[in-house]
Amino acid sequence: MSEQNVSTHWADIYADKIIREKGEKEVYTCASGITPSGTVHIGNFREIISVELVVRALREKGKQVRFIYSWDDYDVFRKVPKNMPNPELLATYLRKPITLVPDTSGRAENYARANELDVERILPTVGVEPEYLYQAQRYRSSLYAEGMRTALEHKDEIRHILDEFRTEPLEEDWWPISVFSNFTDKDTTTVLDWDGEWKITYRDDETQQTETVDLRTTSCAKLPWRLDWPMRWAREGVDFEPAGKDHHSEGGSFDTSKKMVKVFGAEAPVSFQYDFISIKGRGGKISSSSGEVISLYDVLEVYTPEITRFMFAGTRPNTEFAISFDLDVLKIYEDYDTCERIYFGLQEVNEKRKAKEKRIYELSQVGSVPTEPSYQIPFRHLCNLLQLHEGDIERAISTLGQMSDSQKDRLRTRCKCAWNWITTFAPEDFKYRLTNDNDPLVELDDVQRKAVHDLYQVVEVMDQLEDKEYTTRLYDAAKLNGLDTGDFFKLVYTIMIGKDRGPKLGPFLQTCGKEKVLGILGRY
């Protein structure tokens with residue numbers, strides 16, 4: 001891979017760190033995971049894509065990599081999200097495992113699976129294809145019986161580790177295991193005893209019933225999060241797993257797990273802390289259980305898969321950034337286009353910048369790097385073109401120059417995103433449509449009418465004029481009639497789009513094309 005041996009990209013730096021710290025291995029395991037307790041939002045996606053970028057960097061160094069994604073779907077249902085239908089029914093499932101909660105949106109066999117499917121269906125669009133591990137299935141089939149017994153055997157050592165990070169020590173009767181009751185399916189239980197081997201006895205705190213279960217055959221026992229995570233690191237041989245600020249904070253679950261994993265006979269993976277993402281115009285941390293979230297689907301409405309990857313590949317994981325749905329969308333598209341021009345040698349920059357941008361461009365691609373650049377059209381110009389053609393993508397593309405089929409396909413995707421942005425998020429003063437015969441005429445005095453007529457004559461020959469002469473003659477249409485150019489341009493915008501401002505007038509009239517402009521000016 002180009003520039004590989006000197007890459008300063010964070011994904012390559014972490015790939016090198018994994019090889020250095022974990023030594024040469026036949027297979028490196030990189031992990032990510034989440035509780036599907038609600039819509040998986042774009043903040044969660046930061047972890048998935050960060051792992052995928054490191055996985056890609058390792059594979060490009062010739063390493064075999066297992067990329068696992070854990071669905072922590074044996075977690076308890078703690079809170080009904082705001083965006084779910086039938087919240088009253090869902091409330092009756094609180095404290096039960098999320099895989100037992102019905103999907104009231106009717107998309108899947110249960111609530112957790114609906115959230116999982118949403119992610120599994122969309123991730124290949126952005127080039128992310130991990131191996132999924134379903135923790136409910138694994139716990140319920142007693143796959144982790146050995147891990148749970150290890151925890152019980154090292155109960156005092158585990159308590160000591162956890163107490164180091166607690167203000168109040170754990171109760172004397174604390175057990176390193178939790179149970180979903182076979183009587184109510186809820187986790188409102190108390191472990192009473194362990195026989196020193198495979199059997200534990202628990203009480204259901206609601207019904208007061210007790211039961212003894214065998215870890216090798218029961219489906220109701222599991223480890224609490226701070227033990228579950230390190231137990232799975234040991235079991236899967238995880239070499240790399242990043243985590244968010246909350247887990248990486250001092251005394252957070254990463255700190256305890258780093259010590260705890262030794263109980264299970266392993267070492268902690270290489271990790272880093274990734275920062276939160278905000279949505280431009282809506283500050284604060286995004287949360288799944290509140291229901292007010294922006295998902296990957298929402299982002300892909302406005303950004304192409306490559307540009308979505310570009311935002312993450314081009315930002316260090318420990319840096320907070322905002323995903324914008326406002327006018328910053330234009331800048332993000334421009335930044336990607338600059339990166340692409342640098343990659344293909346269409347824009348000259350110094351060697352250091354070139355190496356950096358080339359690596360970001362490679363990691364931004366969903367599959368292999370294209371053999372030619374996209375058809376380069378500024379995003380703002382593309383938005384104007386689409387508005388002139390009222391969102392008709394094929395008609396807008398037909399007005400542009402020659403391009404290959406691959407360039408046309410990429411441009412279609414970009415056009416869909418641009419049109420979604422214009423119709424849903426663009427500020428009002430960015431949007432317009434050309435006036436037509438059904439719109440009332442603008443009232444003009446004789447001088448203004450004469451200036452519009454002069455402009456008509458400029459437009460008739462604009463495709464034969466050099467840029468400089470064309471611009472001069474536009475201004476002359478106002479000046480030679482004694483009109484202020486600013487006022488005259490406002491008038492032209494009002495005639496053309498029913499607003500007193502719009503895109504830069506000269507290029508705008510050229511983009512509209514002679515036929516359309518003359519059709520509108522000819523009404524006067």
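**Sheet, helix packing and nonpolar cores**

Three strands form an open sheet in the order β5-β6-β7, with antiparallel pairing. The model is a predicted one. Strands β5 (189–194) and β7 (210–214) stand at the edges. Each of these has a single partner strand, so one side of each is left without a neighbour in the sheet. From one strand to the next, the twist averages 30°. Strands of a sheet pair through backbone hydrogen bonds, either parallel or antiparallel. Here, β6 (residues 199–204) pairs with β7 in the antiparallel sense over 5 bridges. Within this pairing, Ile200 has Val213 of β7 as its bridge partner.

Helix packing was examined next. Two packed helices are described by the angle between their axes and the distance between the axes. Helix α18 spans residues 446–460, and helix α20 spans residues 485–497. Their axes come within 11 Å and cross at roughly 75°. Angles of 65 to 115 degrees count as roughly perpendicular, so α18 is roughly perpendicular to α20. On the α18 side, the contact is made by Gln448, Ala451, Val452 and Leu455. These meet Phe488, Leu491, Val492 and Ile495 in α20. The contact residues comprise 7 nonpolar, 1 polar and no charged.

The largest nonpolar core holds 79 residues. Within this core, Ile42, Tyr303, Ile323 and Trp421 touch the most other members. Helix α2 (residues 42–60) gives the most to the core, with 10 residues. Beyond four places away in sequence, Tyr303 touches Thr308, Met311, Ile323, Ser324, Val329, Ile332, Tyr333 and Cys417. Another core, of 33 residues, lies apart from the largest one. Its members include Val76, Trp174, Cys220 and Met260.

Arg309 is found in helix α12 (residues 305–313). The relative accessible area of Arg309 is 0%. Buried means under 20%, so Arg309 is buried. Its contacts, not counting residues up to four places away in sequence, fall in several stretches of the chain. One set includes Ile49, Glu52, Leu53 and Arg56. Val126, Gly127 and Val128 are also touched by Arg309. Leu363, Ser364, Gln365 and Val366 complete the list.

Technical notes:
Residues numbered from 1 in each chain as written. Predicted model: local features only at pLDDT ≥ 70, side-chain atom pairs only at ≥ 80, totals over all residues. Heavy atoms only, no water. Helix = DSSP H or I, 4+ residues; strand = E, 2+ residues; numbered from the N terminus. Buried < 20%, exposed > 50% of the residue type's maximum accessible area, 1.4 Å probe, protein only. Contact = heavy atoms within 4.5 Å. Pairing = 2+ DSSP bridges. Axes fitted to C-alpha atoms, helices over the stretch in contact; angles between N-to-C directions. Parallel < 35°, antiparallel > 145°, perpendicular 65-115°, else oblique. Nonpolar A, V, L, I, M, F, W, Y, C, P; charged D, E, K, R; others polar. Core = buried A, V, L, I, M, F, W, Y, C linked by side-chain atoms within 4.5 Å.
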